[in-house]
Amino acid sequence: MTETDRAIIAKRVRDGQPDTTEIRQLAAAAGYEVVGECTQRRKPDPALQLGAGKVEELTEQVEATGAKTVIFDNRLGPYQVYNLGNELPEGVAVKDRFRLILDIFGQRAQTRKAQLQVELAELRYELPRAEAKTSLAKREERPGFMGLGEYDESREQDIKSRISRIRDELERIEETEQDRREKRRESGFDLVALAGYTNAGKSTLMQALAEDLEVGENESIHPDLDPTAEREDRLFTTLGTTTRRLDLERRDALLTDTVGFISDLPHWLVESFKSTLESVYRADLVLLVVDVSEPIAEIRKKLMTSHDTLYERNEAPIVTVLNKIDRIDDAELEQKRAALRALAPNPVAVSAKAETNLEELRARIHEELPDRKRERLVLPMTEDTMSVVSWVHDNAFVEDVEYRDSEVIVDFLARPAVVEQTRAKASDLAADA
């Protein structure tokens, strides 16, 4: 580790004991070595977040450890960053949890959409700081490098213009993805989304539930299918979306994994990733995954965070998946089921890692997905009939096919849109005959 990678964690709480577990995990995910922490229980200091005496203690820790970054688990206002930058030794960067999360997002963003969403979030984070620099400059208080950065008179307007351009491009990307979702539905695919708190095991569950990548005749409408959903014990492994075919016997379905939720995110940060979350909001079913091995209070908090994120825009039924049951015994599982009944009234308990109870989960997915219509289609025997029968096999669950001298009878279950398409194809065959 270099000195630049060494960091001290700071956290202030109004009541209780400061818990730095999550911010330490976030710091590690961003590549920092945490070499100390400084916590305090008091109301927030308007100028420094911590009290003046505690900031002196923080300064001593920085000097003793050689840390070059101080990471606050609190949200810091622009002037607090500026004031802390002036109090701490020269060359020490000050970041709050949201700046840290943006750093992690920036490291993980691979696709154009993910990169745009990260940039949008960063610009929204920077805008009030640019406005603060303008205010300080007018008072002839030039912000230092490790406070808010150098003053640039045109920066505020540049940020606003860039935000507008990114929003326009993300809207175009979302229109393309919405068209893809509709084409998938028209081709008979149900859309299932994985949601939940970061590190709950969503990517592991996807690997356990998904088939191989092969999507047969419908490959042309799945250019984003990814056979390699990552499976790692770290935060924010999945930043964009990963889609694979779901292994269900009687349905064609696609499963999408998305960025994990995290507590205490400001509205502007969630809104910046609206395009990625659309794959959850517009799904036919959402699997809300939680780590059931954690303490009940922690699970309850994370379920509430997830429900808050989904509440305003989600249109689909939600099935709560209690993951990692291999880490607890049956008695603890039943205790947690009872304690969480209000937030998760009828959950499915699984272990994605051990592949326990996955058949029960598949059955529940099948039960919760939109009803299929039963259809009995009579097709005249023409030279094009077999291609229509093949199309029905690709887009519906075929229960029986009966071949007669002058016609073919197909009994199947399918989404209503697919049933309408098969009727149109049958009419075309009849007209040709």
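**Figure 1. Burial and overall make-up of the protein chain.** Of the 433 residues in the protein chain of this predicted model, 53% are buried, meaning under 20% relative accessible area, with exposed set at over 50% and partly exposed in between (1.4 Å probe, protein chains only). The accessible surface comes to about 20400 Å², and carbon and sulfur atoms account for 43% of that surface; these areas come from the Shrake-Rupley method with a 1.4 Å probe, and for residues only the protein chains shown count as cover. The secondary structure consists of 14 helices and 13 strands, taken as DSSP runs numbered from the N terminus (helices: H or I, at least four residues; strands: E, at least two). Among contacts between residues at least 6 apart in sequence, 75% join residues at least 24 apart, where contact means heavy atoms within 4.5 Å. Because the model is predicted, local features need pLDDT of at least 70 and side-chain atom pairs count only at pLDDT 80 or more, while totals for chains, interfaces and linings use all residues. Residues are numbered from 1 along each chain as its sequence is written, and side-chain values use heavy atoms, with hydrogens and water left out.

**Figure 2. Helix α1 packed against helix α4.** Two packed helices are described by the angle between their axes and the distance between the axes. Here, α1 (residues 21-29) and α4 (residues 97-108) meet at an angle of about 35 degrees, with axes 9 Å apart; the axes are lines fitted to C-alpha atoms, for helices over the stretch in contact, and angles run from 0 to 180 degrees between N-to-C directions. The crossing of α1 and α4 is left-handed, which is to say that the near helix is turned anticlockwise from the far one by less than a right angle (clockwise would be right-handed). On the α1 side, look for E22, I23, L26, A27 and A29; on the α4 side, R97, L100, I101, I104, Q107 and R108 make the contact. By class, this contact of α1 with α4 holds 7 nonpolar, 1 polar and 3 charged residues, with Ala, Val, Leu, Ile, Met, Phe, Trp, Tyr, Cys and Pro taken as nonpolar, Asp, Glu, Lys and Arg as charged, and the others, Gly among them, as polar.

Figure 3. A29 belongs to α1 and counts as buried at 15% relative accessibility. Its C-alpha atom is separated by 9.4 Å from that of L100, 71 residues apart along the chain. D103, in α4, also counts as buried, at 17% relative accessibility. Leaving aside neighbours within four places in sequence, D103 is in contact with Y32 and K95.

**Figure 4. The largest nonpolar core, viewed around L205.** This core has 23 residues, of which L205, L287, L361 and I365 touch the most other members; a nonpolar core is a set of buried Ala, Val, Leu, Ile, Met, Phe, Trp, Tyr and Cys residues joined through side-chain atoms within 4.5 Å. The elements giving two or more residues are β5 (189-196), α7 (202-209), β7 (252-257), β8 (285-291), β9 (318-323) and α12 (358-368). Helix α7 gives the most, with 4 residues. Not counting residues up to four places away in sequence, L205 touches L194, V289, V321, V350, A352, L358 and L361. A second, separate core has 22 residues, including A7, I9, A27 and A109.

**Figure 5. A349 in strand β10.** Strand β10 covers residues 348-349 and includes A349, a buried residue at 3% relative accessibility. A349 touches L322, I325, L333, R337 and N357, setting aside residues up to four places away in sequence. The C-alpha atoms of A349 and L361 are separated by 8.2 Å, with the two residues 12 apart along the chain.

**Figure 6. Two loop residues with positive phi.** Most residues other than glycine have a negative phi. Q49, which is not a glycine, has a positive phi near 70 degrees. Q49 sits in the loop between β2 (33-41) and α2 (52-65) and is buried, with a relative accessible area of 3%. K324 is not a glycine either, and its phi is positive at about 70 degrees. The loop between β9 and α11 (330-339) holds K324, which counts as buried at 11% relative accessibility.
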